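Take the model below and walk through it piece by piece.

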Amino acid sequence: MALDTLTTPAKAVPGPRGLPFVGVGLDFLKDPLGYFDTMVTRYGRVFRLPLGKNSFVFLNDAEHVEQVLRRDFENFGMSEQSEELLRPLLGRSMPVVADHLYWEQLHAMMLPMFTPRMLQQYFGHTLCATQEEVEHLAKHMAGGETISMYEFAREGVFASLIRTLFVRGIDPSEVTTLLEWFGKADEYVNARNLSGASPLIMAIPAVREGKRCLDRIDRRVYELLAFRKANPAETPEDMLDILLSARKADGAALTDVELRDNVVALLFGGQETTPGAITWAFGLLAAHPEKRARMLEEIDRVLEGREPSFQDLAKLEYTEMVLDEAMRLYPAFPFIGRDSLVDTEIGGYPIARGTSLGFVAWTVHRDPRHWPEPDRFIPERHTREEKKTRAKCAYLSFGYGQRRCIGERVGRMEALLMLTMISQRFLLDHAGGRLPDHKVQMSIKPVDGMPMRVRARNQAPDVAPVARPEVVGVP
Ligand code: HEM
């Protein structure tokens, strides 16, 4: 008997069939994260979804994600579709570039941005920007205003990023304008992605304004590059100094277009992620006063009322655990794409060359095998010992493997400084009495920006606290 008649044919990846042309796109777009949860229950941790004219295989098991991100890294590239969709904003910059060899060059050029010496420099700038944010908060409190936590965090993070990227050539007063341009440009990129650049959608006034803002960002970045090339630093002071002095394998410097793409990508990478982490952390703390009390006790004990130093950050262990747990429940990027470069197999299913894959941090972070009582906010699960023993890809907030987030330490520093310095003086409570619902718009954001009230640490809440806050998804 021939051997091939004895082997069982490999089973196809399961999943819903969907409608012609749209697939399951309509249901998926209504609530992508809830849809993933339902699919895991129905089909298991590997499933295929037809979305529009494409079909994607989604991976929801830490073991399978590890195969893609680390063990068989060479067999999987960045998604060419995402690269194409994000090109107007991110060009061919490091986070999206699909070509392994080009990425390796960019990665080597960017690594010197994140040495301990540079991180110490960024710490100083971040501290100043955070101090200013804390003063803004004092004014909001004095005026009795409710703040949008997400917008507040975004402003603070962007101000820090601007200073770490461009110490010279840009005025901190430009932050508000740049932030507005980025917000509108994001809308343009979103609309372009969702509509496949339909001329009808591209003609909408808000979308055209977004495109104009993107052009303004480009002009400002090119002006800045010209200024900085004419006024080089003796020793690198910020991220742009490192990029300007970086050389490729053949000794060539980055072109202006490459510099622009990577500068915008660093701004985008930082402002689309850290604000969410800060927002959800404050939101979850407000809904869990006992965890907040534990964090405040640590901050007061370690800092004894003074400003944090660079070295102090490593001592704020529980505060960092709060941040980790907020990012577990609300990872900035709920799913991330890759393409299979070879015919292969994942979880017993055949994966053909060219298949679009997505690894879903949202469901991996709720896998009860790694996270008992996965919907509960339990910072205590992120002790240093637990981190060492848990499955490698059970926690994906910063990705994993070779293409793990290169800016993680900067993001963590900004978030920790905000959490610590705000909590030294203020308490933030939900204006709506509960943690808001979430939406996916590039990253996971609160639907309403998360309105919060600010009060001094020693001041009683001005509304009767809700005895057991109703917290959606987080009992
Ligand atoms: C809480 C904050 C942050 C989170 C949650 C986050 C998350 C991530 C994730 C998940 C990836 C991997 C994407 C993939 O595998 O395809 C990534 C990559 C990246 N991030 Fe971050 N990030 C954060 C902060 C930052 C900051 C502050 C910067 C810049 C200063 C930055 C710059 C980048 C870059 C350049 C990449 C691409 C790395 C590569 O392709 O090798 N990120 N980030």
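A residue is buried if 20 or more other C-beta atoms lie within 10 Å of its own, exposed if 12 or fewer, and partly exposed in between, with C-beta atoms placed from the backbone. This is a predicted model: local features need pLDDT of at least 70, side-chain atom pairs count only at pLDDT 80 or more, and totals for chains, interfaces and linings use all residues. Residues are numbered from 1 along each chain as its sequence is written. Helices (H or I, at least four residues) and strands (E, at least two) are DSSP runs, numbered from the N terminus.

Begin with two loop residues. Glu304 lies in the loop between helix 15 (289–303) and helix 16 (317–329). Its phi is near 45 degrees, a positive value in a residue other than glycine. Glu304 counts as exposed because it has 7 C-beta neighbours inside 10 Å. Glu373 sits in the loop between helix 17 (361–364) and helix 18 (384–389). Phi of Glu373 is near 50 degrees, again positive in a residue other than glycine. Glu373 is exposed, with 10 other C-beta atoms within 10 Å.

A residue is near a molecule if its C-beta atom, placed from the backbone, lies within 6 Å of it. Of the 23 residues around the ligand, Gly269, Gly399, Cys405, Gly407 and Gly411 come nearest. Helix 13 (256–271), helix 14 (274–287) and helix 19 (408–425) each give two or more residues to this shell. Helix 13 gives the largest share, four residues.

All 14 of the 14 residues of helix 14 are buried, so helix 14 is largely enclosed by the rest of the structure.

Two strands pair if DSSP finds at least two bridges between them. Five strands form an open sheet in the order 1-2-8-5-3, with mixed pairing. Strand 1 (46–51) and strand 3 (76–78) stand at the edges, each with a single partner strand, so one side of each has no neighbour in the sheet. Inside the sheet, strand 5 (residues 335–340) and strand 8 (residues 356–360) run antiparallel, joined by five bridges. Gly337 stands opposite Gly358 in strand 8.
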